[in-house]
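Visitor: Could you walk me through how to read a fold like this one? I'd like the general idea each time, then the case at hand.

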Amino acid sequence: MKFRLTLIFIGLFIVCNKTSFAQDMQGAVIFHIQSAHTAFPDTGRAKGHVYDKVLYTAVEHYRDSTVLIIAPKKLDAKKTVDLLFWFHGWRNYVDSAASFYQLTRQFIASHQNAVLILAETARNAPDSYGGKLENQGVFKALVGDVLNGLKTEKLIGKNCQPGHILLGGHSGAYRVMARIIQNGQMPIDEAILFDSLYGETEKYMAWVKADTAHRFIHLYTDHGGTVNESHNMVKLLTEEHLAFAETEESNLTAQSIKANRLLFIHSLHQHNDIICNPDNFLLFLDNSPFLKKMK
């Protein structure tokens with residue numbers, strides 16, 4: 001994955017950095033909690049991680065248990081609340097990802113009656129390892145912590161339960177998302193990958209085969225390193241006689257998103273552009289069958 005990271009910050013600042021790291025936005029309630037059920041700290045990175053002969057220490061990169069929670073001020077969630085968990089890729093952290101990729105802006109602009117959550121993984125490190133979130137039931141406990149945080153802020157009812165759960169992520173997020181689908185002990189309705197299918201394909205395949213309601217979307221580029229695995233998954237779906245659709249990003253429509261539960265989108269944009277240039281995150285939110293607009 002090294003080759004796709006060299007331009008990450010250049011691309012991010014030019015294309016997507018329309019606001020500062022401050023997560024203040026009209027119409028949103030934005031806050032952080034700490035959770036023992038995020039990726040780190042974890043024994044798998046107790047001594048840090050070496051990548052390309054550089055040591056990324058545990059103290060600097062594998063001790064952050066922050067969860068960023070973004071909710072619309074008009075959220076209506078007394079009995080159930082729909083949750084969208086986003087996982088960032090390499091050399092990022094929750095606040096930088098939310099700002100650089102304009103996730104907060106796009107989420108609030110979608111007017112969804114749901115909550116966006118960014119749980120920290122490897123902070124500012126070239127690492128896809130999902131730490132404790134790869135283990136059985138840890139994601140379920142994280143969902144509980146998020147609900148408790150929302151209740152503390154009086155944003156949801158005291159007996160509110162999780163509704164639909166969607167996963168979204170960019171680049172190195174593929175691994176933690178697949179492990180949550182496999183081991184998280186919570187039903188996942190939709191997975192949206194932005195140039196992120198580097199592996200774990202067998203886990204995604206098992207999940208899409210398990211329930212015809214499960215939705216999988218992958219938007220991939222020519223130079224992000226995901227082309228071969230995208231083609232491999234398409235081949236596997238063909239062999240399993242599972243219906244899917246392929247399209248160019250230039251031909252992508254709201255109808256094509258709604259009509260196809262398994263969708264592969266080829267983009268001519270760069271690896272770091274595909275989330276907010278154009279606003280593809282907003283487009284997918286607007287057309288997910290699992291989310292509802294606020295009244």
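Guide: Let's start with strand pairing: two strands pair if DSSP finds at least two bridges between them. Helices (H or I, at least four residues) and strands (E, at least two) are DSSP runs, numbered from the N terminus. In this predicted model, Ile-70 stands opposite Leu-116 in E6. As for ground rules, residues are numbered from 1 along each chain as its sequence is written, and side-chain values use heavy atoms, with hydrogens and water left out. Because the model is predicted, local features need pLDDT of at least 70 and side-chain atom pairs count only at pLDDT 80 or more, while totals for chains, interfaces and linings use all residues.

Visitor: In what order do the strands of the open sheet run?

Guide: The order is E1-E4-E6-E5-E7-E8-E9-E11-E10, which makes an open sheet of 9 strands with mixed pairing. Strand E1 (28-34) and strand E10 (245-248) are at the edges with a single partner strand each, so one side of each has no neighbour in the sheet. On average, neighbouring strands are turned by 20° against each other, direction ignored. Axes here are lines fitted to C-alpha atoms, for helices over the stretch in contact, and angles run from 0 to 180 degrees between N-to-C directions.

Visitor: Which strands does E7 pair with in the parallel sense?

Guide: Strand E5 (residues 80-87) runs parallel to strand E7 (residues 161-170), with 7 bridges between them. Look for Leu-83, whose bridge partner in E7 is Ile-165. E7 also pairs in the parallel sense with strand E8 (residues 190-194), over 5 bridges; there, Gly-168 has Ile-192 in E8 as its bridge partner.

Visitor: Which strands does helix H8 lie across?

Guide: Contact means heavy atoms within 4.5 Å. Helix H8 (residues 227-239) lies across strand E9 (215-221), E10 and strand E11 (262-267), and runs at about 145° to E9.

Visitor: How many salt bridges does the structure hold?

Guide: A salt bridge is a side-chain nitrogen of Lys or Arg within 4 Å of a carboxyl oxygen of Asp or Glu. The structure holds 12 of them. One is between Arg-123 and Asp-64, at 2.9 Å, N to O. Arg-123 is in the loop between E6 and helix H5 (138-152) and Asp-64 in the loop between helix H2 (58-61) and E4, so the pair ties together parts 59 residues apart in sequence.

Visitor: What about empty space?

Guide: Rolling a probe the size of a water molecule over the atoms shows where empty space is left. On a 1 Å grid over the protein atoms alone, a cavity is a set of points where a 1.4 Å probe fits but cannot get out, and a pocket is an open set with protein on both sides within 12 Å along at least five of seven lines; lining residues have an atom within 4 Å of a point. The largest pocket holds about 320 Å³ of space. It has 13 lining residues, and the closest to its centre are Asp-76, Ala-77, Thr-80, Asn-113 and Lys-292.

How values were computed:
Grid points are joined across faces, edges and corners, and a volume is the space filled by probe spheres set on the points.
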